[in-house]
Amino acid sequence: MIIILSPAKTLKMGKALNTNLYTEPIFIKEASSLMKELIKYSPPEMESLMKVNSKLAEQNFMRHIRWKTAHDLSNGKQAILAYDGAVYQGLGASDLSEEQLVFASGHLRILSGLYGALRPLDLIQPYRLEMGTKLKNRQGNNLYSFWRYKLTIYIKKELKKQDDNIIIDLASKEYSSAIDMSKIKAKVITPVFKDYKGGNYKVITIYTKRARGLMSRFIIQNNIVLPSELKEFDEEGYSYNEYLSSDVELVFTR
């Protein structure tokens, strides 16, 4: 079983780590080639490219010119600990044991506009590059043209290594669409989280993001490898709603 997750825009790169275990990003050469394109952009040009304010454009311009192909613990941090935001606050990786982090490394993949696909313990350096960014590159005019074939082949190989055909999609559409699921002989199961509001169950983005992190944590802590076991998820008031669910969409409500 492979779980796919989106990255976060915000990073926490402090060095208070709970493990010295780390791995090198699989697509480091590809990331380096994209960074060579990124550093061609001045801060004003980056402001337009990334649709951010001038302060963020300047911050990320400086990040990108400092970025190095060689990653180690002096300049990088494990992805699962570096990403911040609602998803990763829900995941709470800072208090996972090394054993749990090793399990996560076998099953969780974080999709990234710069790094393609990251294992939890892969080191990353500060950057900002969302998958939807229209960055021209050698493969085309956007990051989907750059990553889709590579990520599709990679996920196929990962599933084959596990002798499995299950993908748990906890990523946003922006990131999951970077994989051509039609080319993978896999069953894609999407957990959906809905809150009761105004007389109906609704997807509320900020709650959904946190819930995706909570579900990831639930899988990691319980060594879950069977989709049926996901139905036991009951964190922060959510419970499996059989009436609203289908074979490929597991709905949790509160």
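## About the model

This is a predicted model: local features need pLDDT of at least 70, side-chain atom pairs count only at pLDDT 80 or more, and totals for chains, interfaces and linings use all residues. Residues are numbered from 1 along each chain as its sequence is written, and side-chain values use heavy atoms, without hydrogens or water.

## Helix 6

Helix 6 spans residues 98-107. Helices (H or I, at least four residues) and strands (E, at least two) are DSSP runs, numbered from the N terminus. Its buried residues are Gln100, Leu101, Phe103, Ala104, Ser105 and His107. Buried means under 20% relative accessible area, exposed over 50%, and partly exposed in between (1.4 Å probe, protein chains only). Their cover includes strand 1 (2-5), strand 3 (108-112), helix 7 (143-162) and helix 9.

## A buried charge

Arg212 lies in helix 9. Arg212 is buried yet has no salt bridge (a side-chain nitrogen of Lys or Arg within 4 Å of a carboxyl oxygen of Asp or Glu). The nearest side chain of opposite charge, Asp169, is 6.7 Å away. Lys and Arg count as positive, Asp and Glu as negative; His and the chain ends are not counted.

## A nonpolar patch

Tyr196, Tyr201, Tyr243 and Leu244 make a nonpolar surface patch of about 500 Å². Patch residues have over 30% relative accessible area and no salt bridge; like charges are joined within 9 Å, nonpolar side chains (Val, Leu, Ile, Met, Phe, Trp, Tyr) within 5 Å. Areas come from the Shrake-Rupley method with a 1.4 Å probe; for residues, only the protein chains shown count as cover. Tyr196 sits in strand 7 (residues 187-197). Tyr196 counts as exposed because its relative accessible area is 52%.

Conventions:
Contact means heavy atoms within 4.5 Å.
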